[in-house]
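Me: Could you walk me through this model with a few questions and answers? I have it open beside me.

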Amino acid sequence: MLIGCLRGRPVAVDDGTAYDLSDLLGEPRAAPGAGRMLQMAQDWPRLQVALAPGGLGDLPVVEGAPGGGWDPPMPRPPKVVGAALNYRAHAEEMRAGPTVESGGLFLKASSSVVGPGATVLLPFADRRTDQEAELGVVIGRTARGVAAADALDHVLGYTCLLDISLRGEGDRSIRKSFDTFTPLGPFVATPETVGDPGALHLRCWVGDELRQDAPTSELLRSVPELIAEISAAMTLEPGDVIATGTPAGVGPLAPGDRIVVEIERVGRLEVGVEAGYQR
Ligand code: MN
């Protein structure tokens, strides 16, 4: 099952049919759009039961979907936590050393999230901005100090994520937090659809060039280990997104580029790139 946001409405897609989750969610607790998906994440323990096999049949079908019009599946996560240097070959290409200890965590601004078909805006003409294709994890249950063995119980699902990164001087969180720097989507694929998050294959093209091509089994810190590490420091809340780190093959973006991220059983995210600076 895939969970998406179609013009502000939470939708489940199963076997190519889209079902409107609005009635199941009940009265909006927050503004439409972004708030509805956050509400969906906060209600995930209840929805997960309601959406168990056979549970979709009673819901209204959204005609004409899926086509265009998909918003990011979590338009404004409470927070986005990134794992730094979480693939050995990428750590080596960054010349930061290949050890696990050189990893660490950082935060990205939620306002940097955009959805499928969006345009990444390059902030500077004279500074390098790279694509980093990553497996994104969306949290569905509050996690505080969880053990790795229990960590996956807190996952709502998985999505394609781009951690767009300005290189060079400056605080890492700011260099990764420009508007449009966190494309997400198109859907959140639920754990029963995805299976083991450490057994997926990730690919990223910029134009015709296949830049990144790696299995998630090469993650230095696995998804459960990341959830344990993060939740030891800060409470992970429903709707939070984890950027699990990028494999080797990051490279500079230029106006006019198209970026495609494809993750096995998770989805295919495509965005454009344009100059955000004054020419
Ligand atoms: Mn990254």
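Reply: Happy to! Buried means under 20% relative accessible area, exposed over 50% and partly exposed in between, using a 1.4 Å probe and protein chains only. This is a predicted model, where local features need pLDDT of at least 70, side-chain atom pairs count only at pLDDT 80 or more, and totals for chains, interfaces and linings use all residues. Residues are numbered from 1 along each chain as its sequence is written, and side-chain values use heavy atoms, with hydrogens and water left out.

Me: Which residues are buried in helix H8?

Reply: Helices (H or I, at least four residues) and strands (E, at least two) are DSSP runs, numbered from the N terminus. H8 covers residues 223–233. Its buried residues pack against elements including strand E5 (80–83) and helix H5 (148–151). They are Val223, Pro224, Leu226, Ile227, Ala228, Ile230 and Ser231.

Me: Is Ser112 buried or exposed?

Reply: Ser112 sits in the loop between E6 and strand E7 (113–114). Beyond its neighbours within four places in sequence, Ser112 has contacts (heavy atoms within 4.5 Å) with residues including Phe178 and Phe181. Because its relative accessibility is 0%, Ser112 counts as buried.
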